[in-house]
Protein chains: 2
Amino acid sequence: MGYICKLCKGRAVIYMHHHRLALCGDCYVVWFLKQVRRSISEMKMLFKGERVIVAVSGGKDSLSLWHALSRLGYEAEGLYIDLGIGFDSYSEKSKECTVEFAKKISRPLHIVSVKESIGKPIPALVRGSERSPCSVCGLVKRYIMNRFAIEHGFDVLATGHNLDDEVATLLSNALHWQIGYLARQSPTLPERDGFVRRIKPLYRFTEKETAVYAIINGIRYIEDECPYSTDATTIFLKGILNQIEERMPGSKLQFYTNFLSRARILFEREQAQKVNLRPCSICSMPSAEEVCAFCRMVERAGGKFVGLKVTKLENSQTDKGARTKDEE
Amino acid sequence: MGYICKLCKGRAVIYMHHHRLALCGDCYVVWFLKQVRRSISEMKMLFKGERVIVAVSGGKDSLSLWHALSRLGYEAEGLYIDLGIGFDSYSEKSKECTVEFAKKISRPLHIVSVKESIGKPIPALVRGSERSPCSVCGLVKRYIMNRFAIEHGFDVLATGHNLDDEVATLLSNALHWQIGYLARQSPTLPERDGFVRRIKPLYRFTEKETAVYAIINGIRYIEDECPYSTDATTIFLKGILNQIEERMPGSKLQFYTNFLSRARILFEREQAQKVNLRPCSICSMPSAEEVCAFCRMVERAGGKFVGLKVTKLENSQTDKGARTKDEE
């Protein structure tokens, strides 16, 4: 690249145009962790004594997040949701990366099987539903993540969403002016009845930046995109935003941070009066309707929710190998 | 094209994907005028007895607008601002198209010369200013249009902005979350102290749709883009929005109409408390600061505003040719 590290004058491995910053591998890791710490503090993500669970998919973002939280001293545990996507061995490969990483950092990993919990894996739910694959999968994951966190006494759920994810969602929400979604788009969604706090500590990093963090730290992650998402609108909008970034460097970060500092509150105020949650009459989780969207989707697709089926890999630091223990 | 007119089954000249509507030339003109009438009524643009002035540049949009307003029975007069852009004879050619059209529809045309009013044409103002060409030109045009309308007793100023113009501006404003601009972006900006009402009756039509209207009606217009604007961000953003429209037909119109119906009010409410106008200490026009942006720019560029220098072409329907009359 020919760039020199701004901090130590060594050979740079990354140049971040929007920050006008070139860094070598070691300095990059230090800078990355400092940014994560800053996001956590500025966005009031985590407080002393809280139990945090990281949703991990086996991809670069979530594994980097778990790695960074551990390096910063948070005793985060991992939650892997086995979606049961057999095409291209997608779920198998992503699980393998996750299990390997959990052992490496000696942290407990909880594995929830969609098929065992609902009776059908994601592909079968998609076939039985009228929703798009990404919509079904997102609904299932959000439900399981929150339910798991509540049932297992976690205070905070952390996900690996990066800047590219967030701006693509923001652009989509803005193109449709979906006030409700705009009101809820934030790196920190505070806890409320039936929901744990949800945080996205990597929201300031681009995809490239989380990938570089993973590579420098020797994290083996699944590089394949989900086989269902190849045509997804999100990928299209990411391409659009990359064109904008190319022409106006810094646009992506500015689009998101200006939204947070100036605009979100306006949508939130508008929405505050409208949202009214009650327990779903089937599963008791909070819902805007009599029956929640998850239960409606599961019923339509011919599944049946029988409770979360969880396997826990202890991976405790004193163990030689990982213990496996079935939980309720 | 192979399409059949939905109304008369004749050969269609246009297919509008987002409306799923193919029309022949005659039916298109009828449809176009109906849409303009609907916009005028829905957006409370014009009321009986009001005097309306159309800002005309010689391009397809503004000439189509003047044509449509005349066809709908509004006795609109035209205002052409001679920017003095000599490159490629841009101003000369655009003036020629405008004068020819005004004669053709036998309506009065007022011509304001920037050079005579401020002492310098646009290119010299740009050179003497720190603003971009489009910013200088926009500032000068908005100032002159409003001042002219007020000094000459017009109630309403109509401009030819089309859907592509509006969504490009909207996207730019959203990418920066410029609350003030978002609050004021509307097809109808109501009159207030020192400002006449500003309306954009063509806001529902794409560039292509106004061009087709102009062509069917035999309107000769200047096709060249302004020589200064070739690198403008607006053109880039229009390209971005065309990609989005291509993938998700109807996106542009939806982006704008949903903004109007759901989101704009939130920005407007937020802004209402903040804006405080007073007369500019130099020119007395309304200003957010002690000296207005126009007077500051003119001073910096070494110009001097000496009042609007207007030439009026009467083009009255009883005249054989156009009368020319100098106004103050």
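This is a predicted model: local features need pLDDT of at least 70, side-chain atom pairs count only at pLDDT 80 or more; totals for chains, interfaces and linings use all residues.
**View 1. Strand β5 of chain B and its two neighbours.** Start with β5(B), the stretch from residue 109 to 113. It's mostly covered up, with four of its five residues buried. On one side of the story is β4(B), residues 77-82, which runs parallel to β5(B) and is joined to it by five bridges. To find one of these links, look for Gly78(B), whose bridge partner in β5(B) is Leu109(B). How does the chain get from β4(B) to β5(B)? The path goes through helix α3(B), residues 90-104, and this β-α-β crossover is right-handed. Then there's β11(B), residues 310-313, which pairs with β5(B) in the antiparallel sense over four bridges. Here you can pick out Val112(B), which has Val310(B) of β11(B) as its bridge partner.

**View 2. Two helices of chain B packing against each other.** For α7(B), residues 163-176, and α11(B), residues 251-272, the angle is about 65° and the axes are 10 Å apart. Angles of 65 to 115 degrees count as roughly perpendicular, so that's the word for how α7(B) and α11(B) sit relative to each other. The crossing of α7(B) past α11(B) is left-handed. From α7(B), the residues making the contact are Leu163(B), Glu166(B), Val167(B) and Leu170(B). Meeting them from α11(B) are Lys252(B), Leu253(B), Phe255(B), Tyr256(B) and Phe259(B).

**View 3. Where chain A touches chain B.** How many residues does each chain bring to this contact? Chain A puts in 20 residues, and chain B puts in 20 residues. On the chain A side, three helices each supply at least two residues: α7 (163-176), α10 (233-247) and α11 (251-272). Which of them gives the most to that side? That would be α11(A), with 10 residues.

**View 4. A closer look at Val126 of chain A.** You'll find Val126(A) in helix α5(A), which covers residues 122-127. Is this valine, Val126(A), buried or exposed? A residue counts as buried if 20 or more other C-beta atoms lie within 10 Å of its own; Val126(A) has 22 within 10 Å, so it's buried. Leaving out neighbours within four places in sequence, Val126(A) is in contact with Pro133(A) and Val136(A). Now look for Val298(A), which is 172 residues away from Val126(A) along the chain.

Conventions. Residues are numbered from 1 along each chain as its sequence is written. Chains are lettered from A and ligands numbered from 1 in the order in which they are written. A residue is buried if 20 or more other C-beta atoms lie within 10 Å of its own, exposed if 12 or fewer, and partly exposed in between; C-beta atoms are placed from the backbone. Two strands pair if DSSP finds at least two bridges between them. A crossover is right-handed if, with the strands pointing away from the viewer, the path from the first strand over the helix to the second runs clockwise. Axes are lines fitted to C-alpha atoms, for helices over the stretch in contact, and angles run from 0 to 180 degrees between N-to-C directions. Angles under 35 degrees count as roughly parallel, over 145 as roughly antiparallel, 65 to 115 as roughly perpendicular and the rest as oblique. A crossing is left-handed if the near helix is turned anticlockwise from the far one by less than a right angle, and right-handed if clockwise. Two residues are in contact if their C-beta atoms, placed from the backbone, lie within 7 Å.
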